[in-house]
Amino acid sequence: MKTNKVTRKQIGTVGDTIAYLEELINCFKANKIVVEHGDNHVVLTMPEQVVFEIGAKCKKGKSRFSLKLFWQEIPKNIEPFKISCQEPPERTPLLVDTKEMN
């Protein structure tokens with residue numbers, strides 16, 4: 001499977017940063033984020049649930065705030081499992097032709 005990736009570091013004003021964050025909010029509302037740089041682009045679609053991590057650090061005059069968002073598409077045909085202390089009812093065993101196994 002091909003991995004699409006765009007990584008970019010940019011310096012801008014607080015106003016520039018606010019504009020990027022506001023556009024990110026609009027993308028979240030649309031459930032789609034498109035990141036472009038040069039000829040490369042990545043299209044991300046989001047499911048109902050998103051995991052996010054926030055970090056803040058200040059050390060020797062250098063401050064850092066990080067926001068990490070990630071999610072995984074969950075297949076729609078996945079069968080849920082059950083946890084219980086009850087054994088399931090007896091099922092009829094599969095009949096296997098042992099001649100075919102040899």
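**Figure 1. Surface and overall layout of the chain.** The chain exposes about 11,000 Å², and carbon and sulfur atoms supply 55% of that area. The model shown here and in the other views is predicted. Of the chain's 102 residues, 4% count as buried. Its secondary structure consists of 2 helices and 4 strands, arranged along the sequence in the pattern α-β-β-β-β-α. When contacts between residues at least 6 apart in sequence are considered, 28% of them join residues at least 24 apart.

Figure 2. Phe52, Ile54, Phe65, Leu67 and Leu69 make a nonpolar surface patch of about 530 Å². Strands β3 and β4 each supply at least two of the patch residues. The most comes from β4, which gives 3 residues. Phe52 belongs to strand β3.

**Figure 3. A patch of positive charge.** Six residues are shown here: Lys9, Lys57, Lys59, Lys60, Lys62 and Arg64 gather on the surface in a patch of positive charge. The elements that give two or more residues to this positive patch are β3, residues 51-59, and β4, residues 62-70. These two strands also each supply at least two residues of the nonpolar patch in the previous view. Arg64, a member of the positive patch, lies in strand β4. With a relative accessible area of 55%, Arg64 is exposed.

**Figure 4. Lys60 in the loop between β3 and β4.** Lys60 sits in the loop that lies between strands β3 and β4. It is one of the residues of the positive patch. The relative accessibility of Lys60 is 83%, so the residue counts as exposed. Its backbone has a phi near 50 degrees, a positive value in a residue other than glycine. Most residues other than glycine have a negative phi.

**Figure 5. Asn31 between the helix α1 and the strand β1.** Asn31 is placed in the loop between α1, which spans residues 14-30, and β1, which spans residues 32-37. Phi of Asn31 is positive, at about 60 degrees, although Asn31 is not a glycine. The relative accessible area of Asn31 is 41%, which makes the residue partly exposed.

**Figure 6. Val43 and its contacts.** Val43 is located in strand β2, residues 40-45. Leaving aside residues up to four places away in sequence, Val43 touches Lys32, Ile33 and Val34. The C-alpha atoms of Val43 and Lys32 are separated by 7.1 Å, and the two residues are 11 residues apart along the chain. Val43 has a relative accessible area of 44% and is partly exposed.

Terms used
Residues are numbered from 1 along each chain as its sequence is written. This is a predicted model: local features need pLDDT of at least 70, side-chain atom pairs count only at pLDDT 80 or more; totals for chains, interfaces and linings use all residues. Side-chain values use heavy atoms; hydrogens and water are left out. Patches are made of residues with over 30% relative accessible area and no salt bridge: like charges are joined within 9 Å, nonpolar side chains (Val, Leu, Ile, Met, Phe, Trp, Tyr) within 5 Å. Accessible areas come from the Shrake-Rupley method with a 1.4 Å probe; for residues, only the protein chains shown count as cover. A salt bridge is a side-chain nitrogen of Lys or Arg within 4 Å of a carboxyl oxygen of Asp or Glu. Lys and Arg count as positive and Asp and Glu as negative; His and the chain ends are not counted. The place of a charge is taken as NZ of Lys, CZ of Arg, CG of Asp or CD of Glu. Buried means under 20% relative accessible area, exposed over 50%, partly exposed in between (1.4 Å probe, protein chains only). Contact means heavy atoms within 4.5 Å.
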